[in-house]
Amino acid sequence: MIIGWCFICIFAVVINEVSLDVTLVGFTGSSVVLPCSSTEYDLELQDINVFWRYNGSETIYDLISGKDSVAGQNPRYKNRAQTFPDEYLRGNFSIKLINLTHADAGEFSCFIIHSSDSKQETVLLFINESTVQKGNDSTEPAETKSDQWNIFIICVCILVPVIIFLSTACFMILCRKRPSAPL
């Protein structure tokens with residue numbers, strides 16, 4: 001039974017790593033980078049359009065023919081969504097959202113439209129209360145009990161099968177080394 005749960009845990013971790021969609025957790029008042037990139041090489045910025053949308057329709061940020069455009073931007077994201085223009089030629093069209101609120105939780109879609117290819121990436125963003133303790137100057141959120149519990153479960157799911165495997169291997173080696181009793 002334990003082995004079955006361990007394999008389920010490991011399978012869930014592997015599936016999460018292979019998923020095309022990204023799930024992020026942000027904290028109120030902090031910032032988060034929503035990833036979006038193209039694997040195309042030799043990009044010509046004038047041939048690229050990138051559209052960031054929230055929950056399928058609200059405009060977060062647009063890059064039209066390689067130029068930033070906030071003309072249709074939802075006012076909620078004004079001065080809160082930043083891009084990385086120095087990274088455009090490398091195919092990085094990620095955005096950084098600052099001063100997160102609970103209203104930012106949801107699905108963000110990045111559409112990259114290039115003359116030779118199109119791509120969509122989806123980022124699911126969850127927002128938690130900031131866990132930074134008062135009086136602490138750190139801008140990084142402290143680890144929550146749920147984070148600690150998740151780390152513990154993953155460690156157990158990895159360690160239990162390793163211990164079982166090593167125990168079985170040692171047992172088999174010891175059994176082979178025992179001399180057989182003469183008949």
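Student: Which backbone oxygen lies 2.8 Å from a polar atom of the side chain of Q73?

Tutor: That of I60. We call this a polar contact: N or O atoms within 3.5 Å, where, within protein, one must be able to donate a hydrogen and the other to accept it, and residues adjacent in sequence count only if both atoms are side-chain atoms. The backbone oxygen of Y77 also lies 3.4 Å from a polar atom of the Q73 side chain. Keep in mind that this is a predicted model, where local features need pLDDT of at least 70, side-chain atom pairs count only at pLDDT 80 or more, and totals for chains, interfaces and linings use all residues. Residues are numbered from 1 along each chain as its sequence is written, and side-chain values use heavy atoms, with hydrogens and water left out.

Student: Is Q73 buried or exposed?

Tutor: Buried means under 20% relative accessible area, exposed over 50%, partly exposed in between (1.4 Å probe, protein chains only). Q73 has 14%, so Q73 is buried.

Student: What is in the largest nonpolar core?

Tutor: First the idea: nonpolar side chains in soluble globular proteins tend to be buried together. A nonpolar core is a set of buried Ala, Val, Leu, Ile, Met, Phe, Trp, Tyr and Cys residues joined through side-chain atoms within 4.5 Å. Here the largest one has 25 residues, and I60 and F108 are among those touching the most other members.

Student: What does F108 contact?

Tutor: Contact means heavy atoms within 4.5 Å. Leaving aside neighbours within four places in sequence, the partners of F108 include L34, W52, I60 and L97.
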